[in-house]
Each structure stands twice: as structure tokens, then as C-alpha cells.
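Me: I'm opening this one for the first time. Can you walk me through it?

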Amino acid sequence: MALPLPPGLTPAEVAFFCEMELVTIIPRQRLDALELLGGTLAPMLPPHKANVPLWLALLLKRQRRANIAPPPWLSPHALTAILDHETENEDTFSPPPRLPPAPSANALAFSPPFLPENTLDAGMDALPYHWMELGEMLLEAAADDFEDPESVRKLLRGLREVRLAKMRRGTEMLDAAGGVRMNGVGGMEIAEGRAFITGVIDNLRKLSATVEEKRMERGDRDTRSPGTADYDYEDDEMETQFTS
Amino acid sequence: MMDIDDLLQEVSAHAVPQETRDLQELTRCWVAERAAPELLEWPEELMGRVLERIRRQIDIIEEATGSMDASTNFKLIIIQTELERFKFLVRSFLRARLKKIDAHPHHILSLLPAQPSLLSGTEHAYLTNHQALLANHYHASFLSQFPVPLQKLDDTTGGVSMVERPDENAAVFVRALREVEEVFVEGTERRFRMARGDVWVVRWRAVKGLVRAGMVEVI
């Protein structure tokens, strides 16, 4: 029964996670309000637009009950600008979408896929967290809702290549201290790179483990009172092992 | 004193229905449990609400099936699709926890006195019963042949512990949900600030307290 999977989400699970993103649809039929587990679904009245989770949008689209309005960033114009930015800045990913105002102290903080990063009124100057998987899914299921699906597809492929190259170059920066900032990285990109990146960091850490332990011991000694017998004892033992 | 933005935001945060907030929390718990090296606290209240809603939704579906009306049928398809998604989430979450419980049973048993809410009631029953069965079995098949001092399964004498522990220093991907003044990576000189929205790859040990406090989330 236990899950036989390595740490982190699999690509299929990232896609499942991405299907919770809100997208804008133009319904072609009426649908009454529905009490769903994730909250009430507002009634749909054509031709009024509605924001629904991607899984539902895809379901309605496949049954020809709705059209999907692609988010503004998923247009040739916006993607070209983002691709330019990605090519000009060799070391960093393009910045993620602007955040909503900070939540107050005890309010729940929302994060993707529960931020409206892919609805019709989302920004067009940044790639959202689930850019790659969302773009793929929309192009697959709703290509006819795009004005120019071919250029969008081409631009997404271009973005993927530029960013993949950055990921590869970025591995040189990974060090044992294991504090690497990766702003703007996408959900699917994490799923692809996780095993490699965490593997490199974990192994480098194990290589420098002795140095770190020494440093921690020293830190401990500074804070503790002198004469911490157990530590000194271990040190002595180590020395005799090495000299004998 | 609160300014008008805070007030507006308070209002809008409460405008998000409890169901949607629970879905955000449940998926966050799921991703964290899948990616973190250690077993995380059992979200008792959240899971109580979610499981109760799932139970009610199943009742609704059972009552409504059999109707021949096409529009009701389509509504049922939507409700059922969503229900299956929730069931997948809950199942994957529970199985990820079960994997960790199976991997480090003695370690988790040793944590329980200090952290009684680490496991759910059924997980606790599973862990103790399973370990009792295993201990009986080992004893009957070979342990009883050993000298008494060598029969323990959680021996820690001699400087080497038999109890396997998760690797608390494993690297994880995290995203800051609020401003974090300072993260300190123990054993190194590394100290850094996390701005809201920042994504970092960092050792689990350095951020686990922040994850528990809801300052950062595992991604």
C-alpha cells in the first residue's frame, strides 16, 4: 500500500496538480450552480465568461460545451517578449508573475495553482509556475481556440530549450551549502530536475561532511562550558586510530 | 493599526470559501509529504472536514444515479470527476505517509511522546500493531536463539544506533509564502533572506521549522 515512488511529484502528478489552475472559458450551454468539494461552481450562462479549474474546462471543451480563452501570456506577442528576456539574461529565469498583496498574519497564503495566473485577466509579462504543462495541455485539447497555435507551440519549444540550457549551466553553481535560489522555475522543470539537483547537493554535502562536523563541534564548544568530556573523548579516539 | 489595504484583504481572504481554502491546504500537505524526507504532522482538522465532505458527496451521487435526465447526468459526471480527483489526492497523501512510517518505524515511535499529533489514530494503530507482529515473528523465528543482550531491535549502545532515521539534511525545493528574515544552514556559514515568492533549494533541516509555521511551503 505504501507509495513506491521517489521524493517529489512525478510528471503525471504535476499535470494533475496543474489541472487545478483556474482558466477562463466561454460556455456554449447553460449549467446550473453545482456544489463541488472544492467550492461552489457558479452557474454558467452563455455568452458570459467564467473562471473554472482546468480539469473542468478540458472536460467541457472535449464535449464541445465550452471554448477556452487562452491566458494573455500564452500569445505569440507575449511569449516572444519573454523569450527575448530569457535569451538576454543568461543566468536567471525570467521573473515569475507579480504576487497578490501579502496575506495578513493568520490568513492562509495562497500559491499556484490557486492564484489566478492563467485566467483572461492575468498578466502577460511573465511565465506562471505551471507554464509548460498548461501550455501543452491547452494546445493539445483546445488548439482551435488559439489564433495562431503553431507559433505558440514553436515559442514554447524555444522557451523550453533556453531554460533547459540554463538549468544545465546552473548545476555548476550547486554547492554543498545547499542554498541555491531558483526563482521563476516551473513546476514541470522541478519535476524533471529534482533527482539530479538534489542528488548533486546531497552528495557534495556528504563529501564535505567531516569539515562541517568539525565546524559544528567548534561552534558547540564555543557555546558550551569547557570540558565537554564526550567530545574530547571522541577526538582522542580518532587520533589514536589515525596514528596507530 | 490596520490600513485600508489590510482590511480589504482580510475581507477578500474570508470571501474565499472554506472548501477552496481546504483544497489549497490539502494539496500543500500532499506535495510537502511527497517531497519532504521526514513524516509531517497529521492535519487532523483539515482531514476531518475533507473526508466528511467526500462521504457526503458519495451519498449525493448514490441518490442521484438512476435518473434518466441528460442534464442531471452531465452534472453527475462533473461531480464524479471531481470526487475521483479528491480521492486520488487523499490516497496519494496517505500512501506517502505510510511509506515513511514503514521506512522508519522505530524512529517515529520514539518521536511520538513529544509529538502526539504526528500520526492519525489509524496510522498509530497500524504502526504499533505491525511492529508488534514483526517483533513476535522475529522473536519466534530467530531472535530467541540469540543471547539476551543481542535481542533488541532498537539498540543504541556502542555509539551506533540500530534505529534508522530519515536524512534530515536532504535537499528540498521550497517557496517562501511570507518574508523570512534569515535562514541559517547549520554546519556552514550560509545565512540568507527569503523574500515572499522566492524559490530555494535548501536542506530540509534548515527550513522544517519554517514549513511547520506556514512561512514557506515545500514544492
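Reply: One place to start is chain A, where H3(A) passes H5(A) in a left-handed crossing. Left-handed is said when the near helix is turned anticlockwise from the far one by less than a right angle, and right-handed when clockwise. This is a predicted model, in which local features need pLDDT of at least 70, side-chain atom pairs count only at pLDDT 80 or more, and totals for chains, interfaces and linings use all residues. Residues are numbered from 1 along each chain as its sequence is written, chains are lettered from A and ligands numbered from 1 in the order in which they are written, and side-chain values use heavy atoms, with hydrogens and water left out.

Me: What angle do H3 and H5 of chain A pack at?

Reply: About 20°, with the axes 10 Å apart; H3 covers residues 76-88 and H5 residues 149-170. Helices (H or I, at least four residues) and strands (E, at least two) are DSSP runs numbered from the N terminus. Axes are lines fitted to C-alpha atoms, for helices over the stretch in contact, and angles run from 0 to 180 degrees between N-to-C directions. H3(A) and H5(A) are therefore roughly parallel to each other; that label is for angles under 35 degrees, with over 145 roughly antiparallel, 65 to 115 roughly perpendicular and the rest oblique.

Me: Which residues of H3(A) and H5(A) make the contact?

Reply: H3(A) contributes residues including Leu79(A), Ile82(A) and Leu83(A), and among those from H5(A) are Val152(A), Leu155(A) and Leu159(A). Contact means heavy atoms within 4.5 Å. By class, nine residues of the H3(A)–H5(A) contact are nonpolar, four polar and three charged. Nonpolar covers Ala, Val, Leu, Ile, Met, Phe, Trp, Tyr, Cys and Pro, charged covers Asp, Glu, Lys and Arg, and the others, Gly among them, are polar.

Me: What about H4 and H6 of chain A, how do they pack?

Reply: H4 (residues 131-142) and H6 (residues 187-207) of chain A meet at about 115°, their axes 5 Å apart. H4(A) and H6(A) are therefore roughly perpendicular to each other. On the H4(A) side the contact uses Trp131(A), Met132(A) and Glu133(A), and on the H6(A) side Gly187(A), Met188(A), Glu189(A) and Glu192(A). That contact of H4(A) with H6(A) has three nonpolar, one polar and three charged residues.

Me: Changing topic. How many residues of chain A are in contact with chain B?

Reply: 64 residues of chain A, which meet 62 residues of chain B. The two chains bury about 6,000 Å² between them, and carbon and sulfur atoms give 62% of that. Buried area is the accessible area (1.4 Å probe) that two parts lose on being put together, summed over both.

Me: Which residues of chain A lose the most area to chain B?

Reply: Leu3(A), Phe16(A) and Leu37(A), together 13% of what the chain A side buries. Phe16(A) is also one of the residues of H1(A) in contact with H2(B).

Me: How do H1(A) and H2(B) cross?

Reply: H1 (residues 11-18) of chain A and H2 (residues 18-35) of chain B cross at roughly 165°, and their axes come within 12 Å. H1(A) and H2(B) are therefore roughly antiparallel to each other. The contact is made by Glu13(A), Phe16(A) and Phe17(A) with Thr27(B), Trp30(B), Val31(B) and Arg34(B).

Me: Where are the cis peptide bonds in chain A?

Reply: One joins Pro46(A) and Pro47(A), with omega about 5°, and Pro47(A) sits in the loop between strands E3 (39-41) and E4 (50-53). Another runs from Pro112(A) to Pro113(A), with omega near 5°, and Pro113(A) is in the loop between H3 and H4.

Me: What is the phi of Arg64(A)?

Reply: Positive, about 55°, although Arg64(A) is not a glycine. Arg64(A) lies in the loop between helix H2 (54-62) and strand E5 (66-69) of chain A. Most residues other than glycine have a negative phi, and most peptide bonds are trans.
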